[in-house]
Amino acid sequence: MQRIITVSLNRNAYQLEEMAHARLGSWLLEAAGRLRDNPDRVEILADLEQAVADQCLRRMRNDQTVITLEELEPALGEVGQVELPAEETSATPAPTAAPTSPPLQQVTEGAFISGVCRGLAHHAGLDVTLVRVVALILLFFTGGGMILLYLALMLLIPYAPMGTGTGKVRKLPLKSREMVTWLKLKLSAVTG
Amino acid sequence: MSSLRKGLLEFLVLKIVGANSVYVPDILRRLAVTEFATQEGTLYPLLSKLRREALVQYEWQESDVGPPRKYYRLTAAGQARLTALDEYWNRLNQTISDLGQAPCNASSLSA
C-alpha cells in the first residue's frame with residue numbers, strides 16, 4: 001500500500017503516491033541545481049512545476065485523483081530536464097583531475113538510517129561495518145553530540161543517485177532521503 | 001552541430017513570438033514539426049533569458065480550462081533584434097551559396 005502525499009505545484013494542490021512524490025522531489029532538486037546561478041530560478045521552477053502538473057493531468061483517467069509514477073515518468077520525459085541557453089551555461093569549473101576516491105555522498109541502498117555511514121565508507125574505501133562501529137562508539141561517548149552530528153551530515157552530504165550502492169532499500173533511508181530532499185527544495189525556494 | 005542548433009533556437013523563438021502573442025505550448029507545437037523540436041525544460045530558461053535581455057515580455061491571461069497562462073510577445077528591442085537577425089541570416093545564406101559556386105573567372109575560362 002502506498003501513502004498519498006499532497007503537494008503544492010505552482011500553488012495548486014495535487015495528490016501523489018509516495019514513490020511518485022520521491023521521484024518528483026529529486027527531479028525538481030536536480031532542476032534547481034542546474035538553475036542555481038539563474039536569477040529567475042524561482043520563476044522557472046514554478047513554470048516547470050506547472051508544466052509537469054499539466055502533463056500529469058492530461059495522462060490521468062477521468063475518475064483518477066492521485067498521480068502515480070505511471071503518469072509522472074512520461075510527464076517528466078515530456079517536459080525534459082533543464083537545459084540552459086547557449087551563453088548561459090552555468091560556470092561550473094571543469095573537473096581538473098580524475099577524482100582519486102568516489103565523491104562523498106549518502107548511499108541509500110543498504111543503509112540503516114540515512115546512508116551517512118555507508119557514504120563515508122564508500123568515500124574512504126573502508127568497510128561499512130567499521131564505520132558503523134566507530135559511529136556507535138562515538139554515540140556512546142558523546143551522547144547527543146553524535147546524534148546532532150549525524151543529523152547535520154544527513155543534511156549536508158548530498159545523496160548519490162539511486163542505484164549507486166548495493167543492498168536492500170529500507171524504508172527509513174528512503175523516507176529520510178525524501179524528507180531531506182523536500183526540505184532542501186523548500187530552502188532553495190526561500191533563499192533563491 | 002548542437003551548439004549551432006542551440007544558438008538558432010533563440011532566433012526561431014524570437015521569430016515565433018514575433019509572429020503573434022503565444023504561450024509556451026504554442027511555441028512547442030510550432031517547433032515540434034521542425035528539426036528544432038524542444039521541451040519546456042529548454043524553453044522556459046531560454047524565455048527567461050530573453051526577458052532579462054528585454055527582448056520579450058509576457059502578460060498573464062486567464063484560461064477557460066486551467067490556471068492563467070503567460071503570453072509572450074516581442075518588445076521594441078526584440079523586434080529590432082529579430083530584424084537584425086533576419087538580415088544577418090539572409091546575408092549568411094547568400095555568402096554560403098556564393099562560396100559553393102566556382103569563382104566567376106574560373107567558370108568563364110572553362111566555358
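Two strands count as paired here if DSSP finds at least two bridges between them. With that in mind, let's look at the sheet in chain A of this predicted model.

Three strands of chain A make up an open sheet, ordered 1-2-3, and the pairing is mixed. Strand 1 (4–9) and strand 3 (66–67) of chain A sit at the edges, each pairing on one side only. Strand 2 (residues 12–17) of chain A runs parallel to strand 3 of chain A, and two bridges join them. If you want to find a spot where they meet, go to A:Leu16: its bridge partner in strand 3 of chain A is A:Ile67.

| Helix of chain A | Lies across (chain A) | Angle |
|---|---|---|
| Helix 1 (residues 18–34) | strand 1, strand 2 and strand 3 | about 115° to strand 2 |
| Helix 2 (residues 41–59) | strand 1, strand 2 and strand 3 | about 130° to strand 1 |

Note that the angle is given against strand 2 of chain A for helix 1 of chain A, but against strand 1 of chain A for helix 2 of chain A.

Now for the interface. Chain B puts 16 residues in contact with 21 residues of chain A. On the chain B side, the elements giving two or more residues are helix 1 (2–19) and helix 3 (40–52) of chain B. Helix 3 of chain B gives the most, with nine residues.

Key. Residues are numbered from 1 along each chain as its sequence is written. Chains are lettered from A and ligands numbered from 1 in the order in which they are written. This is a predicted model: local features need pLDDT of at least 70, side-chain atom pairs count only at pLDDT 80 or more; totals for chains, interfaces and linings use all residues. Two residues are in contact if their C-beta atoms, placed from the backbone, lie within 7 Å. Helices (H or I, at least four residues) and strands (E, at least two) are DSSP runs, numbered from the N terminus. Axes are lines fitted to C-alpha atoms, for helices over the stretch in contact, and angles run from 0 to 180 degrees between N-to-C directions.
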